Amino acid sequence: MTEPAGTALKRTPLHGAHVRLGARMIGFGGWDMPVQYAGIVEEHKTVRAAVGLFDVSHMGEFEFRGPAATQALQRLTTNDVRALAIGQVQYSLLCDEAGGIVDDLTLYRLGDETYLMTVNAANIEPDWTWVTGHLEGQVEATNVSEATGLIAVQGPHAERLVGRLADVDVTALGYYRFARGRVAGAAAIVSRTGYTGEDGFELYLRAEETERVWEALLAEGKPEGVAPIGLGARDTLRLEMKYALYGNDIDRTTNPLEAGLGWVVKPGKGEFVGRGAIEAVRAAGAPRRLVGFEMVDRAVARHGYPIRHDDAAVGVVTSGSYGPSVERYIGIGYVPVALAAVGTGIAVDVRGRGQRARVVRTPFQPSHVKK
Amino acid sequence: MSQIPADLRYTKEHEWAKVEGGRARVGITHYAQDQLGDVVFVELPTVGAAVRQMQTFGVVESVKAVSDLFAPLSGEVAEVNGDLVGHPEKVNQDPYGAGWLIVVKLADAREADALLTAQQYAQHLQSAGGH
């Protein structure tokens with residue numbers, strides 16, 4: 001059956017490469033993406049033990065420039081842009097007037113008044129509408145998503161691999177820092193960031209050069225055991241780190257304080273969209289918290305399953321699965337603040353039956369990001 | 001090893017049954033485990049539980065999906081594969097061997113006539129777009 005025009009899934013510059021590698025493809029946020037190649041568990045373990053490549057070109061990128069760019073971003077995002085140095089990256093949020101999370105993002109300071117903002121793939125259109133609708137002053141925003149490819153290289157051997165192909169000294173690049181140079185001859189922003197909890201890099205490239213760099217990394221990384229990694233393992237890796245996934249753990253109905261993201265909210269910096277609402281939550285105390293838990297009874301907790309305590313429904317699982325590195329059934333979910341302490345017993349409703357679980361310390365897996 | 005062993009019977013829901021005397025060993029097919037991806041959890045009935053042909057008797061879960069298991073034949077659960085608790089990946093690695101799910105003491109062996117032969121199951125996969 002032919003798809004009617006306008007409903008076809010979008011493709012990244014690496015689509016052909018995925019098909020050639022035998023990837024199982026799925027639709028994700030409007031994009032035709034690889035969910036797995038060799039298998040989710042194997043790919044997950046490869047990232048923690050060696051090095052893996054992720055196509056994250058579907059994510060969105062917006063550039064901001066102009067004499068008032070810093071000021072505009074200061075009013076639009078929750079984190080303090082004045083604390084961001086040139087060559088540095090910061091994790092931040094776009095919030096609405098009610099304090100709900102519009103998206104989570106990373107912000108790069110390329111120059112005094114030049115920035116790159118990276119947003120989630122499924123939110124590119126609504127984020128662009130939001131940003132352009134809220135920009136004030138002398139600042140120009142450009143949506144460069146389609147012109148930009150993005151490859152994540154993650155794992156203990158990532159530094160060795162990228163180091164051989166980059167013309168910048170990646171050994172000197174600190175966590176949440178970036179450098180501009182060339183990787184396999186292609187102009188790149190080499191960013192020491194990632195979504196796995198392992199050391200690694202995200203390489204921002206021109207869309208038309210992305211496939212060449214991907215193939216170069218795959219070829220050059222053979223001694224390290226490099227492998228392509230799909231969205232399935234991307235999800236289990238970030239779950240083990242309790243990194244929030246927009247749409248699962250955070251969305252417009254959640255505020256940063258209950259989501260454990262108060263650390264990227266800086267009310268002292270001045271006014272920003274959502275500040276008043278967030279401070280009201282802070283003053284009253286957020287009634288619920290996003291916690292990590294592990295199953296005590298053998299069962300898999302999944303997004304949407306109710307969380308119960310003393311026979312009452314008190315919360316909800318926002319993400320859950322099997323963690324291949326921690327070898328346990330784990331999850332993340334919202335519980336009332338009174339039940340948020342580590343060690344608290346809760347239950348997850350799995351197909352109508354309460355399965356015991358316990359709130360635990362997170363991340364579930366130790367972090368190995370560059371210190 | 002054949003991906004659709006000739007000596008087994010099959011359901012359209014991708015379970016297999018090996019009928020021996022008054023009992024049948026049950027599992028899911030190679031196609032099913034491949035579609036599921038890495039199996040991380042299997043929920044099975046206890047010994048003594050009743051199962052009914054084409055009704056659900058448990059669940060097999062992969063990293064990303066939850067899938068019902070449909071009983072190929074009716075009867076009473078005589079054995080349950082306890083290995084799958086610690087090693088659910090056996091369903092992927094050896095779906096017709098070590099990845100077996102349950103053994104059923106059959107209520108009526110003639111129910112097997114309603115199941116697909118290996119050839120019919122292969123045709124079912126073809127028309128369903130499987131390969």
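Reader: What distance lies between the C-alpha centres of domain 1 of chain A and domain 3 of chain A?

Author: The two C-alpha centres are 30 Å apart. This is a predicted model, in which local features need pLDDT of at least 70, side-chain atom pairs count only at pLDDT 80 or more, and totals for chains, interfaces and linings use all residues. Residues are numbered from 1 along each chain as its sequence is written, while chains are lettered from A and ligands numbered from 1 in the order in which they are written.

Reader: What makes up domain 1, domain 2 and domain 3 of chain A?

Author: Domain 1 comprises 15-56 + 147-240, domain 2 covers 60-143, and domain 3 covers 262-360. Such bounds come from an automatic or database domain assignment.

Reader: How many residues of domain 1 of chain A are in contact with domain 3 of chain A?

Author: Two residues are in contact if their C-beta atoms, placed from the backbone, lie within 7 Å. By this rule, 7 residues of domain 1 of chain A are in contact with 7 residues of domain 3 of chain A. On the domain 1 side, helix 2 (40-49) and helix 7 (231-240) of chain A each supply at least two residues. Helix 2 of chain A gives the most, with 4 residues. Helices (H or I, at least four residues) and strands (E, at least two) are DSSP runs, numbered from the N terminus.

Reader: Which classes do the residues of that side of domain 1 of chain A divide into?

Author: They divide into 2 nonpolar, 2 polar and 3 charged residues. Ala, Val, Leu, Ile, Met, Phe, Trp, Tyr, Cys and Pro count as nonpolar, Asp, Glu, Lys and Arg as charged, and the others, Gly among them, as polar.

Reader: What makes the order 14-17-16-15-18-19 in chain A a barrel?

Author: The 6 strands close into a barrel in that order, with antiparallel pairing. Neighbouring strands of this sheet are turned by 45 degrees against each other on average, direction ignored. Two strands pair if DSSP finds at least two bridges between them. Strand 14 (residues 288-295) and strand 17 (residues 328-336) of chain A have 7 bridges, so they count as paired. Within this pair, Arg289(A) stands opposite Val335(A). Helix 7 of chain A packs on the sheet, touching strand 16 and strand 17, and its direction makes about 120 degrees with that of strand 16. Axes are lines fitted to C-alpha atoms, for helices over the stretch in contact, and angles run from 0 to 180 degrees between N-to-C directions.

Reader: Which elements give two or more residues to the side of chain A that touches chain B?

Author: In this interface, 10 residues of chain A are in contact with 8 residues of chain B. Helix 2, helix 7 and strand 16 (312-323) of chain A each give two or more residues. The chain A side has 4 nonpolar, 5 polar and 1 charged residues.

Reader: Why does the radius of gyration of chain B agree with a compact globule?

Author: The radius of gyration is taken over C-alpha atoms, and the globule rule is 2.2 Å times the number of residues to the power 0.38. For 131 residues a compact globule would have a value near 14 Å; chain B has 13 Å, which therefore agrees. Its C-alpha trace spans about 35 × 35 × 25 Å along the principal axes.

Reader: How many helices and strands has chain B?

Author: Chain B has 4 helices and 9 strands. From the N terminus on, they run β-β-β-α-β-β-β-β-β-α-α-β-α.
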